Amino acid sequence: MFSKETKAYNVFVSYNTYNQEVEFYSTSNPDKSLTREPGTLDSFHIFKNEAVGIAADMKFIFGTIIGSKESSYYQEIANGSRFRLYKRYKSDLGYVSNNIAQSELREFDLGFDYYYADSASKGLKKIKANAASVIKEFKAVKDLTSAVSNEDFAVNPETAMQKAIAFLNKQ
């Protein structure tokens, strides 16, 4: 975890996508947790741990650092010389539609959106994860028709987005 005042290494991190809080536990005192409000951390990393379902390292950066007005953390998906791709997780509290016996039962629904940053302009721009949207969005920069396809997005939209950003960043 990184902030302007301090850095913390080898801590266990829990990221709450509903209220954007980051809770952490030190390895020396795992029974006591501390919570950081949104914006009090510049960034944090969650390292690969297949035992709990984390298949790859994840780096999260607070929105204002990368040009967003949202008070959220963004996962860095692809980083290049000009274009960078981010994923913003969000959770909504919804009703369980298939539970008739407990009609007031609620659960969290996890969602996400993709955003990109262009070093030639300020801020983040939301982008849909499909071939047509990606090709249209970047047509003024480079023709992506040879780099992305509907099939790529059908199989793994995130990998297809990474491929498009890598193609855009090639000189």
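Predicted model: local features only at pLDDT ≥ 70, side-chain atom pairs only at ≥ 80, totals over all residues.

Biologist: Which residue stands opposite Gln75 in E6?
Modeller: Phe60 does. Numbering runs from 1 along each chain as its sequence is written, and side-chain values use heavy atoms, without hydrogens and water.

Biologist: How many bridges join E5 to strand E6?
Modeller: Three, and the two strands run antiparallel. Strands here are DSSP runs of at least two residues, numbered from the N terminus. Two of them pair if DSSP finds at least two bridges between them.

Biologist: And which strand do four bridges join to E5?
Modeller: E4, residues 43-46, also antiparallel. His45 has Lys59 in E5 as its bridge partner.

Biologist: Is strand E5 mostly covered or mostly uncovered?
Modeller: Mostly covered: four of the five residues in 58-62 are buried, meaning under 20% relative accessible area with a 1.4 Å probe, protein chains only.

Biologist: Switching topic. Which strand pairs with E8?
Modeller: E9, residues 124-127, antiparallel over four bridges. Tyr116 stands opposite Lys125 in E9.

Biologist: What phi does Gly123 take in that hairpin?
Modeller: A positive one, near 85 degrees. The hairpin has five residues between the strands.

Biologist: Where is Phe108?
Modeller: In strand E8, residues 106-118. Phe108 also forms a nonpolar surface patch with Tyr18 and Leu93, about 310 Å² of accessible area together. Patch residues have over 30% relative accessible area and no salt bridge, with nonpolar side chains joined within 5 Å. Areas are Shrake-Rupley, with a 1.4 Å probe. A salt bridge puts a Lys or Arg side-chain nitrogen within 4 Å of an Asp or Glu carboxyl oxygen.

Methods:
Buried < 20%, exposed > 50% of the residue type's maximum accessible area, 1.4 Å probe, protein only. Patch = residues over 30% accessible without salt bridge, like charges linked within 9 Å, V, L, I, M, F, W, Y side chains within 5 Å.
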